[in-house]
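Subject: Structure for you to look through

Dear colleague,

Here is the structure that I promised to hand over, with my notes on what was found in it. Please keep it open beside this email as you read.

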Amino acid sequence: MSDLMITTYIVVGATFALYLYIALKSRAKNTGEFYVAGKGIHPVLNGMATGADWMSAASFISMAGMLAMGGYDASAYLMGWTGGYCLLAMLLAPYLRKYGKFTVPEFIGDRFYSQTARLVAIVCLIVASLTYVIGQMKGIGVAFSRFLEIPFEMGLFIGMAIVFVYAVLGGMKGVTYTQIAQYVVLIFAYTVPAVFISIQLTGNPFPQLGLGSTMSGSESIYLLDKLDKMVVELGFNAYTAQKGSTLNIFLLTMSLMIGTAGLPHVITRFFTVPKVKDARSSAGWALVFIAILYTTAPAVGAMARLNLMNTIQPGEVGSPEGNLAMDSRPQWMHNWEKTGLLGFEDKNGDGKIQYYSDNGLSAAEADLAKAQKEGGDVTAAQTKVDEAATKHAESKFAGFGWKGNELTKVDNDIMVLANPEIAKLPNWVIALVAAGGIAAALSTAAGLLLAISSSISHDLLKGMLAKNIDDKTELKAGRIAMAGAILVAGYLGLNPPGFAAQVVALAFGLAASSIFPAIMMGIFVKRMNSAGAICGMLAGLGSTLLYIFWYKGFMFIASTAMAPDNAANWMFGISPGSFGAVGALINFIVAFAVSSFTKPPPEHIQHLVEDIRVPMGSGAAQNH
């Protein structure tokens, strides 16, 4: 066993022991503690727990990876999630907290005086949360597979077992205190390597400033200029250039932003504090804690891409000694190859690795192999290979003797975890990042599973199907529902429809198109009635699900997709991850149209809407 593996076992094992100790010491004894932690969490601690809940595997593991490989376009994730949190904190959380009930379907059912509305909200919540958990499971699988140096599938199964133990036992109370510890671990794990790498590359200890600084040893070349130059020389678009359409980037940002404000697992956190004032205070503290990671991520992404390029292309492009020799690849590459998330193929037999843009030749060859294996249209796939090969033969890279991109697989989700190894940082730093990645994935997965279980046991079972069940039975049902959700999410996580951040973007789109408009209209539109809200939620969720399944396959099973998932086939160039904003617009239009032709809400409901928006007179959260 290597020194790195021993160190990783010690660091990760110590953090696990801490989480499990907290979960056992603070395990929930009744439904109040299981759902809202007894409603007595201090605002600062709740802000810290909200930060951990918010910063999932998508934020910790995947976002910087998306920025590293996608450059400017991936900044939509950064802007959407940050803006969404501000929207949630200012526009929704305090009002929902004042209302006092601790699940979103409960609020929607009461506000729209309809059990049908509550049922539709439950369906919307479960669909969005389950999709979100798939993304977390992907992150958990990546982190555990690298940490234990085992295949991704095995890493995922182990991660599922860990989530089951501490989320099912602890409920919201246990999860809250565990998330506080996880926040400390993950933020330390994220910023420490970033500081080291920033010093290495620019001499500046602050990554946020290092991103805009000149390279060490040079007073004339800025880090981003050097990165742009390197990727352009290898045939890629400039790192800082916009590649996708402005419409798609705008809609993706909007989907992430309003989807954030509609996701129930973060909203629920604001029910765990004693008063409305505390909800506002904890929202502010959470923003401070979140900003530390979100302002560091752009630097981590750019520096990870630069280090990767420098590792594989250490010399002049096209020179005989310019590329990394296959036999000399560093240990971190061997480690990640074992997980199946990094792959190479020496296509031209020169014993070296060439990483460059080959005009789609590698992608076309992969599609051909897939068609041959799964019985697809081999003739059409072969035609695309021939077209890409012709373009490649005319490029400068063919003159170097290169026959296609030989870095055949580099999963975006490995970039943050691999970054300290690429930069040759000490073992304890690498182990710390593994612990942080696992903490981020576990904290959000637990929060989402709680949201799902409370919807099933509290809203569906006790609220609608079996109103007379006691606390003990409801608690048991919640835990069974959570265990079932873990199994479903784990199964779908084995073949996720994208990188962790991309899967999460789909979840945000579903929340944006269904839950967000209903909450907004429930708080701010006195005239909105139950018929309008129900039709709006169904139209928004249905249209968005249809669009996503059209390109991703029914229930994310790729073989059932109706069209290839690429920009050439998207409607008006809108990607499935960006469609949530369109679904939200459909929701609003349908809701207002139906509402205008049907009876207005009862008078007491209209008074309730007016009362929610006045910050005075709010008390403690009501018991369910």
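The buried residues of helix 11 are N248, I249, L251, L252, T253, S255, L256, I258, G259, T260, A261 and G262, where buried means under 20% relative accessible area, exposed means over 50%, and partly exposed lies in between, with a 1.4 Å probe and protein chains only. Twelve of the 17 residues of helix 11 are thus buried, and the helix is mostly covered. Helices here are DSSP runs of H or I with at least four residues, strands are runs of E with at least two, and both are numbered from the N terminus.

Before going on, please note that this is a predicted model, in which local features need pLDDT of at least 70 and side-chain atom pairs count only at pLDDT 80 or more, while totals for chains, interfaces and linings use all residues. Residues are numbered from 1 along each chain as its sequence is written, and side-chain values use heavy atoms, with hydrogens and water left out.

Helix 11 covers residues 246–262, and its end C-alpha atoms are 24 Å apart, which agrees with the 24 Å that its 17 residues should span at 1.5 Å a residue; the expected span is 1.5 Å times one less than the number of residues. N248, which is found in helix 11, counts as buried because its relative accessible area is 13%. Which residues does N248 touch, leaving aside its neighbours within four places in sequence? N248 is in contact with W570, G573, I574, S575 and S578, contact meaning heavy atoms within 4.5 Å.

Because 14 of its 16 residues are buried, helix 14 is largely enclosed by the rest of the structure.

Next come the spaces in the model. On a 1 Å grid over the protein atoms alone, a cavity is a set of points where a 1.4 Å probe fits but cannot get out, a pocket is an open set with protein on both sides within 12 Å along at least five of seven lines, and lining residues have an atom within 4 Å of a point. Grid points are joined across faces, edges and corners, and a volume is the space filled by probe spheres set on the points.

A search of the whole structure finds five cavities of 30 Å³ or more, and the largest cavity holds about 130 Å³ of space. Its lining has 13 residues, of which T8, R146, F147, I430 and A434 lie nearest the centre. Helix 19 gives the largest share of this lining, with four residues, and by class the lining of the largest cavity has nine nonpolar, one polar and three charged residues. Here Ala, Val, Leu, Ile, Met, Phe, Trp, Tyr, Cys and Pro count as nonpolar, Asp, Glu, Lys and Arg as charged, and the others, Gly among them, as polar.

The second largest pocket holds about 210 Å³ of space and is lined by 14 residues, of which P330, Q331, W332, E421 and K424 lie nearest its centre. Helix 15 (331–339), helix 18 (415–422) and helix 19 (427–465) are the elements that give two or more residues to this lining, and helix 15 gives the most, with three residues. The lining of this pocket divides into six nonpolar, five polar and three charged residues.

Some single residues also deserve a look. S543 lies in helix 22, residues 530–552, and its side chain reaches the backbone oxygen of A539 at 2.8 Å, while the backbone oxygen of G540 lies 3.1 Å from a polar atom of the side chain of S543. Leaving aside neighbours within four places in sequence, S543 is in contact with F579, G583 and I586.

Most residues other than glycine have a negative phi. Y113, however, has a positive phi near 40°, and it is found in the loop between helix 6 (104–111) and helix 7. F572, which is not a glycine either, has a positive phi of about 55° and is found in the loop between helix 22 and helix 23 (580–596). Are these two residues buried, partly exposed or exposed? Y113 is partly exposed, because its relative accessible area is 31%, whereas F572 counts as exposed at 70%.

With best wishes

Note on methods. A polar contact is a pair of N or O atoms within 3.5 Å; within protein, one must be able to donate a hydrogen and the other to accept it, and residues adjacent in sequence count only if both atoms are side-chain atoms.
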